[in-house]
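Subject: Handover of a structure

Dear colleague,

Please find below the structure that I am handing over to you.

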Amino acid sequence: MNTKTISIFIGIVIIISGGAFYGGMKYGESKGGTANLFRQNFQNLSDEQRQQISQGGTGVMGNRTSSGLSGEVIAKDEQSLTLKAQDDSSKIVFFSDSTKILKTIEGSVDDIGIGKQIMISGTQNSDGSYTAQTIQER
């Protein structure tokens with residue numbers, strides 16, 4: 001192949017690639033795209049639900065309410081922690097053998113001590129306490 005043929009071939013590939021990219025973008029826009037779908041669903045939420053999402057608060061996963069919580073451990077026993085939240089309130093957090101304790105490396109409940117900053121991921125119970133799915137040291 002000579003230089004002219006190679007140049008023509010490269011030009012055709014660039015034109016086809018550009019057209020395919022443009023067509024894909026237009027097709028994605030016509031289907032709404034992920035960002036548009038999120039925006040539509042967000043607009044359908046109540047003001048309270050939007051505020052909770054914006055603040056990183058509770059959300060709904062199926063029939064369970066999921067919540068994140070962080071703060072300082074102020075008490076600890078065999079099955080629960082008491083956490084001083086960022087708003088100076090205290091929260092009770094229950095854990096079990098299936099609760100994952102996360103650090104840079106996987107840890108155990110013994111790694112959590114009074115005065116440690118932690119973040120909880122789990123469910124809020126009807127009495128205001130929490131059941132932890134994961135506890136992460138901050």
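Helices (H or I, at least four residues) and strands (E, at least two) are DSSP runs, numbered from the N terminus. On that basis, the elements of the protein chain run α-α-α-β-β-β-β-β-β-β from the N terminus on, which comes to 3 helices and 7 strands.

This is a predicted model, in which local features need pLDDT of at least 70 and side-chain atom pairs count only at pLDDT 80 or more, while totals for chains, interfaces and linings use all residues. Residues are numbered from 1 along each chain as its sequence is written, and side-chain values use heavy atoms, with hydrogens and water left out.

Overall figures

Accessible areas come from the Shrake-Rupley method with a 1.4 Å probe, and for residues only the protein chains shown count as cover. The accessible surface of the protein chain is about 10000 Å², and 54% of this belongs to carbon and sulfur atoms. Of the 138 residues in the protein chain, 17% are buried (buried means under 20% relative accessible area, exposed over 50%, and partly exposed in between, with a 1.4 Å probe and protein chains only). Contact means heavy atoms within 4.5 Å. Among contacts between residues at least 6 apart in sequence, 44% join residues at least 24 apart.

Strand pairing

Two strands pair if DSSP finds at least two bridges between them. Strand E3 (residues 80-85) is joined by 5 bridges to strand E4 (residues 90-94), and the two run antiparallel. Leu 81 stands opposite Val 93 in E4. The hairpin of E3 and E4 has 4 residues between the strands, and Asp 88 takes a positive phi near 70° there.

E4 and E7 run parallel and are joined by 2 bridges, with Val 93 opposite Tyr 130 in E7.

Buried residues and the core

Which residues have the most contacts inside the largest nonpolar core? They are Leu 69, Leu 81, Val 93, Ile 112, Ile 118, Ile 120 and Ile 135, in a core of 14 residues. The elements giving two or more residues to this core are strand E2 (64-76), E3, E6 and E7. A nonpolar core is a set of buried Ala, Val, Leu, Ile, Met, Phe, Trp, Tyr and Cys residues joined through side-chain atoms within 4.5 Å.

Not counting residues up to four places away in sequence, Leu 69 touches Leu 83, Ala 85, Lys 91, Val 93, Ile 118, Met 119, Ile 120 and Tyr 130. Ala 85 is itself buried, because its relative accessible area is 10%. The C-alpha atoms of Ala 85 and Gln 117, 32 residues apart along the chain, are separated by 9.8 Å. Ser 80 also lies in strand E3, and Ser 80 counts as buried because its relative accessibility is 10%. Leaving aside neighbours within four places in sequence, Ser 80 is in contact with Ile 92, Val 93, Phe 94 and Phe 95.

Yours sincerely
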